[in-house]
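Me: I would like to go through some of the labels given to this structure and ask what each one rests on.

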Amino acid sequence: MRSKIKRYTHFRLYLVLAALLLTASGCTGNPRSETIVIPESEAGQPTLGASFGKAFQVKTIYPLEEWFDKFTVLGWTNGEELVGYNSGSVPSGTPYDGLRLLAPPYDRLNQITTSLNAGKDILSLSPDGKLLARLSDSENGYSLILLPVDGSAGKSIEEPVQPQRLFSRNLRWSSDSRYLSYLVLGDRRDQLSLVVYNVRQGSSKQLVLQGMPDMKNNASAVLSEDGNRLLIDNGTLVSMAALNDEGRFEVIYDHPSTMNGCFWVDANRFIFLGADGTLFQYDSRNGELTVLLEKIVSFSLSADRKMIAYTQNDGEIIYVGKLQGNNLLSQTAVYQGFVPSLMKWSIGNGELLVTGSKPFTRAAQEIAPAPVSEQESSHTLHGFIIEFQDK
């Protein structure tokens, strides 16, 4: 094993530990070489308080009512409204059996007329907040349906998929809302195929996956914006596959990871949370694996792929930072004393939804001064929305 030193100039010199050969525990058993880039942070750990990193000044925090813990969030609309549905016990056909919107100041739900079978349907909101993809369960199998969020009529896309062939329990959109994908079983039990629907062209196709690792039923697959690369997350391993000359996706890289922790930055780079709590960025053009942060508990990448919200160590402090190349800048602590189970940026990146629970050891405490509704002190928070000052 050989090592070499590279130098990077971006405000300062970075020390790079290179040419570490790692043998991934992946599907094919072939060794995959990685160049691990470790930036030397000038600031060290992020400074608590809004004075560090002027780009992230907290303007307002909107605490969400207690009913919010029974509200399943699907995502944001481009009008900065939250879309979701009531995940409590609701009789089918009632006025509450459908999509609902939570608009600023986030204190009241508005009903959308679309009816859902939330207990059986597999739902996913497009990143642009305009379309809801729905794998609807019926006697004939799962049918893919697209529903506009504005409540207008949807349309059925494909012939039903038989339940025994459906492998994914989720639907994934490419970050530009062009491709919608999910996994199905092939003719053989050990063969997986990717069903891809092109929203712009109104066409679908099925592509075979090669060199896949052992999979679980909660595996997901998301395409890059150009449709030529694929990220597969099976809960313990993230794999990158490329479309080969035979029209099949073949795995070219994999790494131990945590579930639901991988996102495309562009057609060649993706971010993922490693099994050891390290936040990595991988670039397939040169095989560089960059260490962005260590001891990460959870993170969320913004819609424009320029900002990251994250927690470290005990997970009780929420930080935000700017992603520029292989660096995370302007790291700022914006909230303390809350353990997130979900963090999700709005489409315009001006708001951050946080859901979770307070730790038993301390009360939730806002770090950056900002007006907060009096409701916050009257009940235990199940979630809140952080609104930032204009960037």
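Me: What makes the pair formed by the side chains of Arg229 and Ser284 a polar contact?
Reply: The two side chains come to 2.8 Å, and a polar contact is a pair of N or O atoms within 3.5 Å, where within protein one must be able to donate a hydrogen and the other to accept it, and residues adjacent in sequence count only if both atoms are side-chain atoms. This is a predicted model, in which local features need pLDDT of at least 70 and side-chain atom pairs count only at pLDDT 80 or more, while totals for chains, interfaces and linings use all residues. Residues are numbered from 1 along each chain as its sequence is written, and side-chain values use heavy atoms, with hydrogens and water left out.

Me: How do you know that Arg229 has no salt bridge?
Reply: The nearest side chain of opposite charge, Asp226, is 6.3 Å away, whereas a salt bridge needs a side-chain nitrogen of Lys or Arg within 4 Å of a carboxyl oxygen of Asp or Glu.

Me: Why is the pair of Trp76 and Tyr106 called edge-to-face?
Reply: Their ring centres are 6.3 Å apart and their planes stand at 85°, so the pair is edge-to-face; rings of Phe, Tyr and Trp (its six-membered ring) pair if their centres lie within 6.5 Å, with planes under 30 degrees apart counted as stacked, over 60 as edge-to-face and the rest as tilted. By this rule the count comes to 15 aromatic pairs.

Me: Why is Trp76 called buried?
Reply: Trp76 has a relative accessible area of 3%, and buried means under 20% (exposed is over 50%, partly exposed in between; 1.4 Å probe, protein chains only). Tyr106, at 3% relative accessibility, counts as buried too.

Key: Lys and Arg count as positive and Asp and Glu as negative; His and the chain ends are not counted.
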